[in-house]
Amino acid sequence: PLKIFFNLGIDTMEVALVTGAVTLLGRSDVPGPRLWLGLLLGLLASEVLSHISLAAVMGLLGAPMTVNRLVRTLGFALISASVFACLAVVAVTAMWTERRVVVVILLLAASLTVAYRGHRRLSAQQRTTEALYDFVKELGPLCADAEETRDVLEQIRVLLHARHLDLALSAGTDGAWRHVAVFDGVPLTPFDATVIADSIAQTGAAAPPSGAHDRMATPLLGMNGVLGVLTVNDRLGSNRGFDMGDLRLLETVATELATALERGKLLGDLGLAATTDPLTRLPNLSDVTQRLDSALRSNSSILVAAVAVDSFREVNDTLGHQVGDDLLVEVTRRLALSYPHAIVGRIGGGRFAVAVQSDEAWGDPSMFGLGIRAQVEGGAQLGAIGTHIRLSVGVVSAPDHGRDGSTLLRRAETAMYGARHSQGGPAVWEPAYEVQGQRRLAVVMALREALAGGAIGVAFQPKLKTQTGQITGVEALARWTHPALGAIGPDEFIPLAEASGLMGPLTTTVLRQSLTACMGWQRRGGRIGVAVNVSADTVLDPNFVTEVSAIITSVGIDPDLLTLELTEGIVVEDPVLAAVRMHELRAFGVKLSVDDFGTGYSSLTYLKGLPVNEVKIDKGFIDDVVDDAGDRAVVRAVVDIAHTLGMTVVAEGIEQEDQHRILSALGVDETQGYLHARPMAAVDMAAWLRRHESARR
Ligand code: C2E
Ligand code: MG
Ligand code: MG
C-alpha cells in the first residue's frame, strides 16, 4: 500500500507538471513548437522531481541512494523522457487533425510496452545467468562453520533478490538444526526448519512464516540424503513475489551449494585424518610440530617432553594389540587430565609429547619431566590385566635447545632414549647427545650388517671352584670387531641391539656358537658347561623356549650343559611371566643364573619361589671387598641366603689374590675374573683348559 500510495502521488505530480508546462507555454488552439517545448520541459521536470522525491523517501527509509546512482538513473530517465516527449508530440499532433487515430496510438503504445517489458525481462534473465555463472565458478569446497559460508549465502541472497535467506543444516543425530542466516534489514523470527523440510517432503512447497510475504524453500541433497534446507523470504524490488523462474534458480543454487558443502566436509575429514591420531584422538607428530611452531611464534619459552611408555612393544607382542591400545588410551587419559592446557600429542608407537609454557609453574626441565612421571606412572587396570605403567622421559627447553618444533621434538626424543638407555630419571637434552646419537645410529646400522654377515663372535671366560680351582664352566661373551669402527664392546652394542629389536638374532648366534664350542670341548673329553647371557626382553618372548630347545637339539648337547644368565630386571619387570618362563626352561633341563646380582631392585626374597641355580654377585661388590666392610657384609648375607635357598654363589670380576682369599673365607662357591683368565676365543679356551687341568694335577 505504501508503494502504491507513493507511486500515485508521483504520477499525479508528473501529470500536473506536464499540464502546467503545456498550459504556460503552448497556445491551446494550435499544436506547434511552443507545445512541443512545453511537453519536453514538463516531462523532464517531472523526472527530475520524481527522482529527487524517490531519493528523499529512500533516505527516510534508511537506504539512501548514492549521488552517483541518482545521477546515473536520472540521466537514463531524462533520455527516455525526451523520447517519450517526441512520441507525445507525434500523438498530440495526429489527434489534433483526426481524433480516431487515438485507437492506433493506443495499440502502438501497448505493443511498445510489451516489447519493452520483454526486453527488460530478457536482460534481467541474462544478468541472472551471468551472476549464477560467476557464483558457480567461484564456489569452492565450503565448510559450514567458516565465515566464508556467510559470504556465499549473501551472494545467493542478492542473486535471488531476497530480503532474507536461511540455511538450516541438519546437525547429526539429535535432530537439531543449525541455522546460518543472512538478511537485509530486519532478521526474521527464528523458525523450525523441520516444518519446512516436512512440508517440502509432502507438498513440494512451503508456507511462509509470519513476517515473510513470500517464501521459497528447497532441500540440499547430499550423497547420503538431506544435508539441510535452504529458504529465502521476501522478494525485493517488486510486489510480485517469487515465480517459477526464481524457484528454478534457487534449486540450481542449492545443488551447487550442497556439492560445495559436501566437498568441504570431505576435505575437513581428510584434514582431520592427516593431523589426528585415530586411536587417542590426540594431534599426531606433524600436527604437534606445527602447534609447537605456532606456539613458539607467540612465546619462545617452552618446555617440551618426549614421553615413551616403557615395554609398550612387549605388551603389544605378548598381551596383544587390544591391551596395547588400552595402555595408550590410559596414558592419554592421565596426560590429558594432568596437563589440560598443554600441547599433548602422540608422536609414534608408544611415544607422546607434552609441551607447556615454561613461565607456568612447571619449574626447570627435569622437574617437568619428574612431574610427568609422577602423574602418569603407577598401577593400571587394562581390561582383565593389571599392569604397571612406567615412562622414559626426555625434556628440552626452548629457546635454549632449539627454536623450532621439529628440532625440539627430535632432541626431546634423543634425550628420552638416553633416559631409557640409562634407566634413570628424566633426561634433559644436551649437545653431547647429538654426537652420541650419530654414533649410536652408525653402530646400529653396522650391527644389523654384522649379524646378517656372521661377524659377531663369542669369547669364553672360565669360572672356577673357589676351594679347589676346578673349572665349573665358562661364560660366553659376545665379541664384535668392526672393520671401520674397531672393537665395539657389549656394553655399547647390547643396549643398542635391545633398543633396535636386534636382540633376537644376536642371542641366537651367541647360543649357537657357544653350544657348538661346548660340543667341541666335549668331543675332546672335557664336559664343560657354558653360560649364555640373555636379556629380559628375549626371555619374556613367547617363542624363546622353543628356540632354545631347537638349538640344543640341533647341536645335540645335554640341556644341563647350558646355563642362561638373566638379570634381576626381568623379575622386577614382570614377575609372573618371568616365573612362567623360568619354570619352562628349568623343566627342559636348562640351568638358570641371576647375573649382576645386587645392582637391580630385587632382593633375594624375589628369588625365593624361582627355579634359580646360581647367583652371580656383581663386580661392584667385589672390587672393594678387601677394604670395605659393607661390601663384605653384603657378600656374606647373599651367601647365607642363597645357600639356604640351595643356590650356588659366584663372584664376578675378581682380579687379585686378596679378593680370592676373602671371598673364599666368606663362603663364595665359585669365582670368575681376570685373575684366572680373560675372555678368550674357543680354540684358546680348549688349550687353556688342558693347561689348567694338568697344572692342577
Ligand atoms: P656380564 O655378563 O656381567 O659379563 C661379565 C663382564 O665382566 C664381561 O664384560 C667380562 O669381560 C668382564 N670381566 C670379567 N672378569 C673381569 C675382571 O676381572 N675385571 C674386569 N674389569 N672385567 C671383567 P663384557 O664382555 O664387556 O660384557 C659386558 C656385559 O655385556 C656382560 O656382563 C653381559 O651383561 C653383556 N653381554 C655380553 N655378551 C652378551 C650376550 O651375548 N648377550 C647378552 N644379552 N648380553 C651380553
Ligand atoms: Mg654374565
Ligand atoms: Mg655380570
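Ile-79, Val-83, Phe-84, Leu-87, Leu-108 and Leu-112 make a nonpolar patch of about 610 Å². Keep in mind that this is a predicted model.

Where does the patch come from? Helix H3, residues 67–97, and helix H4, residues 101–138, each supply at least two of its residues. H3 gives the largest share, with 4 residues. Ile-79 is in H3. This residue is exposed, because its relative accessible area is 58% and the cut-off for exposed is over 50%.

Next, the metals. Which protein atoms hold the magnesium ion, ligand 2? The donors are Glu-475 (OE), Asn-533 (OD1), Glu-565 (OE) and Asp-595 (OD). Along the chain, their spacing reads E-x57-N-x31-E-x29-D.

Asn-533 is in strand E15, residues 530–533, and Asp-595 is in strand E17, residues 591–597. They are 62 residues apart, so this pair links distant parts of the chain. Asn-533 is partly exposed, at 28% relative accessible area. Asp-595 is buried, at 6%.

Now a geometry check on helix H8, residues 285–298. At 1.5 Å a residue, its 14 residues should span 20 Å. The end C-alpha atoms are 20 Å apart, which agrees. Which H8 residues are buried? Asp-287, Val-288, Thr-289, Leu-292 and Leu-296 are. As background, an α-helix has 3.6 residues a turn, so residues three or four places apart point the same way.

Last topic: rings. The structure holds 3 aromatic pairs. I'll show two.

One is Tyr-339 with Phe-368. The ring centres are 6.1 Å apart and the planes are at 90 degrees, so this pair is edge-to-face. Tyr-339 lies in the loop between helix H10 (321–338) and strand E6 (343–348), and Phe-368 lies in helix H11 (365–376). The pair therefore ties together parts 29 residues apart in sequence. Tyr-339 is buried, at 4% relative accessible area. Phe-368 is buried too, at 2%.

Another is Phe-460 with Trp-521. Here the centres are 5.1 Å apart and the planes at 80 degrees, so the pair is edge-to-face. Phe-460 is in strand E12, residues 456–465, and Trp-521 is in helix H15, residues 503–523. That links distant parts of the chain, 61 residues apart. Phe-460 is buried at 2%. Trp-521 counts as buried at 4%.

That's my tour.

Terms used
Residues are numbered from 1 along each chain as its sequence is written. Chains are lettered from A and ligands numbered from 1 in the order in which they are written. This is a predicted model: local features need pLDDT of at least 70, side-chain atom pairs count only at pLDDT 80 or more; totals for chains, interfaces and linings use all residues. Side-chain values use heavy atoms; hydrogens and water are left out. Patches are made of residues with over 30% relative accessible area and no salt bridge: like charges are joined within 9 Å, nonpolar side chains (Val, Leu, Ile, Met, Phe, Trp, Tyr) within 5 Å. Accessible areas come from the Shrake-Rupley method with a 1.4 Å probe; for residues, only the protein chains shown count as cover. A salt bridge is a side-chain nitrogen of Lys or Arg within 4 Å of a carboxyl oxygen of Asp or Glu. Buried means under 20% relative accessible area, exposed over 50%, partly exposed in between (1.4 Å probe, protein chains only). Donors are N, O and S atoms within 2.8 Å of the metal (3.2 Å for Na, K and Ca); water is not among the atoms, so sites may look incomplete. The expected span of a helix is 1.5 Å times one less than its number of residues. Rings of Phe, Tyr and Trp (its six-membered ring) pair if their centres lie within 6.5 Å; planes under 30 degrees apart count as stacked, over 60 as edge-to-face and the rest as tilted.
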